[in-house]
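Here is a short report on a fold and its pockets. Please look at the model first.

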Amino acid sequence: MLKVLTSSVLLLMSVYAYAGADAIQGIWETEDGGYVYIHPEGDTWVGTAVGSRDGEHRYDNENPDEGLRGRRLLGVDVVTGLKYDGDDRWDDGKVYSPDNGKTYDLSAELKDQDTLKVRGYIGVSLLGRSQTWQRIDESAPHVQKEFLQ
């Protein structure tokens, strides 16, 4: 009986741990109105630009690589390398800001099922900026479904 109980507890713990890591998956609206689809890629999480609240096309005009300037941002991975740390926290990621063409370190914390606090920073988390992203449904206007995996 003890073996069955122990096995059940371990199974539930492993399911809970996986569900925690998977909780970040979905489409998030940034404070600026961009839509980012966060999804697994290998053992990390990636965020792909999949639209915007206003439906306006955005272009990568500030990219430091002149060859990429002017490309449309749809389908571009703006979040890369996020790793699940446990307790609804992800770290060790990078976030690309098309507003200035710079890439920052990134951490994220799920505040509740539909609220994600993200922090972009340089080197140390104290030197950065936080945003609160809200989960949206894939049926929201201007979500480009062809970029959802």
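## Barrel

This is a predicted model. Eight strands close into a barrel. Their order is β1-β2-β3-β4-β5-β6-β7-β8, and the pairing is antiparallel. From one strand to the next, the twist averages 35 degrees.

Glu 41 stands opposite Thr 44 in β3. β2 spans 34–41, and β3 spans 44–52.

## Largest pocket

The volume of the largest pocket is about 770 Å³. Its lining counts 39 residues. Closest to the centre are Thr 30, Asp 32, Arg 58, Tyr 96 and Pro 98.

Several strands give two or more residues to this lining: β2, β3, β5 (89–97), β6 (102–112), β7 (115–122) and β8 (124–136). By class, the lining of the largest pocket holds 17 nonpolar, 14 polar and eight charged residues.

## Second largest pocket

The second largest pocket has a volume of about 150 Å³. β5, β6 and β7 each supply at least two residues of its lining.

The lining of the second largest pocket includes Arg 89, Trp 90 and Asp 91. Ser 107, Ala 108 and Glu 109 also line it, as do Lys 117, Val 118 and Arg 119. Asp 85 and Ser 125 complete the list. By class, this lining has six charged, three nonpolar and two polar residues.

Terms used: Residues are numbered from 1 along each chain as its sequence is written. This is a predicted model: local features need pLDDT of at least 70, side-chain atom pairs count only at pLDDT 80 or more; totals for chains, interfaces and linings use all residues. Side-chain values use heavy atoms; hydrogens and water are left out. On a 1 Å grid over the protein atoms alone, a cavity is a set of points where a 1.4 Å probe fits but cannot get out, and a pocket is an open set with protein on both sides within 12 Å along at least five of seven lines; lining residues have an atom within 4 Å of a point. Grid points are joined across faces, edges and corners, and a volume is the space filled by probe spheres set on the points. Helices (H or I, at least four residues) and strands (E, at least two) are DSSP runs, numbered from the N terminus. Ala, Val, Leu, Ile, Met, Phe, Trp, Tyr, Cys and Pro count as nonpolar, Asp, Glu, Lys and Arg as charged, and the others, Gly among them, as polar. Two strands pair if DSSP finds at least two bridges between them. Axes are lines fitted to C-alpha atoms, for helices over the stretch in contact, and angles run from 0 to 180 degrees between N-to-C directions.
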